[in-house]
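Subject: Structure handover

Hello,

Please read the notes alongside the model.

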Amino acid sequence: MKEDFVVGDYIIDFAYIYRITAVTKQDGQDDMLIHYQPIVGQDKVFTASIPVKSMKKSGTRKVITAKEVKEIMKAIGGKGLDGEYNVMSAKEDIYQNDWARVIPLIKCLWGKKNDGLGKTDVELMEQMITHLCREIAFVTKKTYGAVRKEIESALNKTKGK
């Protein structure tokens with residue numbers, strides 16, 4: 001499925017949310033080039049660009065929609081997962097910025113947080129939850145704190161299932 005990118009749309013990678021400032025055709029190539037800047041409130045100020053064909057590989061995608069927020073919250077509050085994970089593959093999942101892969105990791109770590117998770121596991125879980133909260137807060141126009149409470153509440157309910 002081909003995604004259309006328009007000036008003013010928002011994209012996200014594993015760390016920041018950006019606003020598209022221009023979409024141009026690369027000289028001598030069929031691929032489009034997306035130019036973007038971090039949105040206000042980020043600690044970085046720059047303009048960068050990325051070919052559309054490289055976005056998936058780099059973990060850059062359009063921000064989620066309001067409909068996807070509902071699906072994500074449903075997935076977080078859904079039946080718990082008793083899974084194992086590998087720190088290296090978890091870091092790759094975070095970098096790929098795919099919520100279908102990250103939510104099970106969050107749920108797995110959340111379910112084990114009272115069992116004495118190591119520092120790396122706690123940091124990974126916090127990084128994933130923080131990133132998810134920021135994106136949902138941006139999309140829904142809610143505060144980070146309100147979104148964080150909703151997610152933690154859903155995770156706590158999952159833990160009891």
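In helix 2, Ile72, Ala75 and Ile76 meet Trp99, Ile103 and Lys107 of helix 4, where contact means heavy atoms within 4.5 Å. Helices are DSSP runs (H or I, at least four residues), numbered from the N terminus.

This is a predicted model, in which local features need pLDDT of at least 70 and side-chain atom pairs count only at pLDDT 80 or more, while totals for chains, interfaces and linings use all residues. Residues are numbered from 1 along each chain as its sequence is written, and side-chain values use heavy atoms, without hydrogens and water.

The axes of helix 2 and helix 4 (residues 99-112) are 10 Å apart, at an angle of about 30 degrees. That makes the two helices roughly parallel (angles under 35 degrees). Axes are lines fitted to C-alpha atoms, for helices over the stretch in contact, and angles run from 0 to 180 degrees between N-to-C directions.

The axes of helix 2 and helix 5 (residues 119-140) come within 10 Å and cross at roughly 140 degrees. Here the contact involves Ala66, Val69, Ile72, Met73 and Ile76 of helix 2 and Leu132, Ile136, Val139 and Thr140 of helix 5.

As for burial, Val69, Ile72, Met73 and Ile76 of helix 2 are buried (under 20% relative accessible area, 1.4 Å probe, protein chains only). Lys67, Lys70 and Lys74 are exposed (over 50%) and sit on the face of helix 2 turned away from its buried side.

Regards

Technical notes: Parallel < 35°, antiparallel > 145°, perpendicular 65-115°, else oblique.
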